[in-house]
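Please view the sequence and the structure together before reading the points below.

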Amino acid sequence: MGLFIKLEIDQGRCLGLADCGKCLGVCPVKIFAENGDKPHSLEANEDECTLCGLCLDVCQPDAIGVVKLYEEP
Ligand code: SF4
Ligand code: SF4
């Protein structure tokens, strides 16, 4: 988990990299990496998240959660 952002990937819902893998391709700041047949989040990169929402849009089973760890000003 980053200081400001935490990525959650539901490994049970995820379709797997062989059948999907879209999150790895769309994230502009490379937060997702391969972990066997499932993606995992590179915690050191999580704070780079731009909240673009692309990973949420492409993830058909809604397996990804982007959690803000801070309050909006
Ligand atoms: S986009 Fe969703 S279903 Fe596809 S590999 Fe990523 S987490 Fe899994
Ligand atoms: S919201 Fe955008 S920057 Fe953040 S993890 Fe998803 S694709 Fe990457």
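Which residues have the most contacts inside the largest nonpolar core? They are Leu7, Cys23, Ile31, Phe32, Cys55 and Ile64, in a core of 13 residues. The model is predicted: local features need pLDDT of at least 70, side-chain atom pairs count only at pLDDT 80 or more, and totals for chains, interfaces and linings use all residues. Residues are numbered from 1 along each chain as its sequence is written, chains are lettered from A and ligands numbered from 1 in the order in which they are written, and side-chain values use heavy atoms, with hydrogens and water left out.

**Nonpolar core**

- A nonpolar core is a set of buried Ala, Val, Leu, Ile, Met, Phe, Trp, Tyr and Cys residues joined through side-chain atoms within 4.5 Å; buried means under 20% relative accessible area, exposed over 50%, and partly exposed in between (1.4 Å probe, protein chains only).
- The largest core has 13 residues, and strand 1 gives the most to this core, with three residues; strands (E, at least two residues) are DSSP runs numbered from the N terminus.
- Leaving aside residues up to four places away in sequence, Phe32 touches Leu7, Ile9, Cys23, Leu24, Cys27, Pro39, His40, Cys55 and Ile64, where contact means heavy atoms within 4.5 Å.

- Ile5, found in strand 1, counts as buried because its relative accessible area is 3%.
- Ile5 and Glu46 lie 41 residues apart in sequence, yet 5.8 Å apart in space, C-alpha to C-alpha.
- Ser41 belongs to strand 3 (residues 38-41) and is buried, at 14% relative accessible area.
- The side chains of Ser41 and Glu46 make a polar contact at 2.5 Å (a pair of N or O atoms within 3.5 Å; within protein, one must be able to donate a hydrogen and the other to accept it, and residues adjacent in sequence count only if both atoms are side-chain atoms).

**Salt bridges**

- The structure holds two salt bridges, each defined as a side-chain nitrogen of Lys or Arg within 4 Å of a carboxyl oxygen of Asp or Glu.
- Lys6 pairs with Glu8, the closest N and O atoms being 3.4 Å apart; Lys6 is partly exposed at 26%, and Glu8 is partly exposed at 38%.
- Asp10 pairs with Arg13, with 3.9 Å between the closest N and O atoms; Asp10 is partly exposed at 36%, as is Arg13 at 46%.

Key:
Helix = DSSP H or I, 4+ residues; strand = E, 2+ residues; numbered from the N terminus.
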